[in-house]
Amino acid sequence: MKKVLVVDDSCIMRNIVKSTFVDLKIPCEFLEAENGAKALHLLETNKISIVFLDWNMPEMDGIQFLKKIRAMPAYEDLPVIMVTSEAAKYNVVEALTYGATDYIVKPINQKVFMEKVSEIEF
């Protein structure tokens, strides 16, 4: 079974991402982290299939996490979708430059979410 890592400091947002997968009938196991530091530990101790990553979090934000994992050969191809309220074009460009696979602006639109997820093989 696929393992999905949902990284967001908001428990509500983590639950929205998880429930969207359930609503779309995509079977998977979920792991959760409230910041990049905890997510990094989960990544190193589990076989993760895809990451949904917030930008603004304490300890280690999403961009710091993204930079760190993209520098590691084992994770250079891991799909990472930013799910964030940072909607400015320069934010999207920055995330994609540092290796985000795709970008979803909050609030999550289920149709957009499904399109983004279906485009990625994980």
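Good morning. A helix axis here is a line fitted to the C-alpha atoms over the stretch in contact, and angles run from 0 to 180 degrees between N-to-C directions. With that in place, let us turn to the structure, which is a predicted model.

I begin with two helices. The axes of α1 and α5, the latter covering residues 110–118, lie 11 Å apart and form an angle of about 75°. Angles of 65 to 115 degrees count as roughly perpendicular, and α1 and α5 are therefore roughly perpendicular to each other. Which residues meet? From α1 come V17, T20, F21 and D23, and in α5 they meet Q110, F113 and V117. This contact comprises 4 nonpolar, 2 polar and 1 charged residues.

Two or more lining residues come from each of β1 (3–7), α1 (11–23) and β3 (50–53). By type, the lining has 7 nonpolar residues, no polar ones and 2 charged ones. The volume of this cavity is about 40 Å³, and the search of the whole structure finds 1 cavity of 30 Å³ or more.

Finally, I turn to the backbone in the loops. Between β5 (102–105) and α5, the loop holds P107, and the peptide bond from K106 to P107 is cis. K25, in the loop between α1 and β2 (29–33), is not a glycine, yet has a positive phi of about 60°. E59, in the loop between β3 and α3 (62–70), is likewise not a glycine and has a positive phi of about 65°. Is K25 buried or exposed? Its relative accessibility is 69%, so K25 counts as exposed. E59, at 66%, counts as exposed too. Thank you.

How values were computed. Residues are numbered from 1 along each chain as its sequence is written. This is a predicted model: local features need pLDDT of at least 70, side-chain atom pairs count only at pLDDT 80 or more; totals for chains, interfaces and linings use all residues. Side-chain values use heavy atoms; hydrogens and water are left out. On a 1 Å grid over the protein atoms alone, a cavity is a set of points where a 1.4 Å probe fits but cannot get out, and a pocket is an open set with protein on both sides within 12 Å along at least five of seven lines; lining residues have an atom within 4 Å of a point. Grid points are joined across faces, edges and corners, and a volume is the space filled by probe spheres set on the points. Helices (H or I, at least four residues) and strands (E, at least two) are DSSP runs, numbered from the N terminus. Ala, Val, Leu, Ile, Met, Phe, Trp, Tyr, Cys and Pro count as nonpolar, Asp, Glu, Lys and Arg as charged, and the others, Gly among them, as polar. Angles under 35 degrees count as roughly parallel, over 145 as roughly antiparallel, 65 to 115 as roughly perpendicular and the rest as oblique. Contact means heavy atoms within 4.5 Å. Buried means under 20% relative accessible area, exposed over 50%, partly exposed in between (1.4 Å probe, protein chains only).
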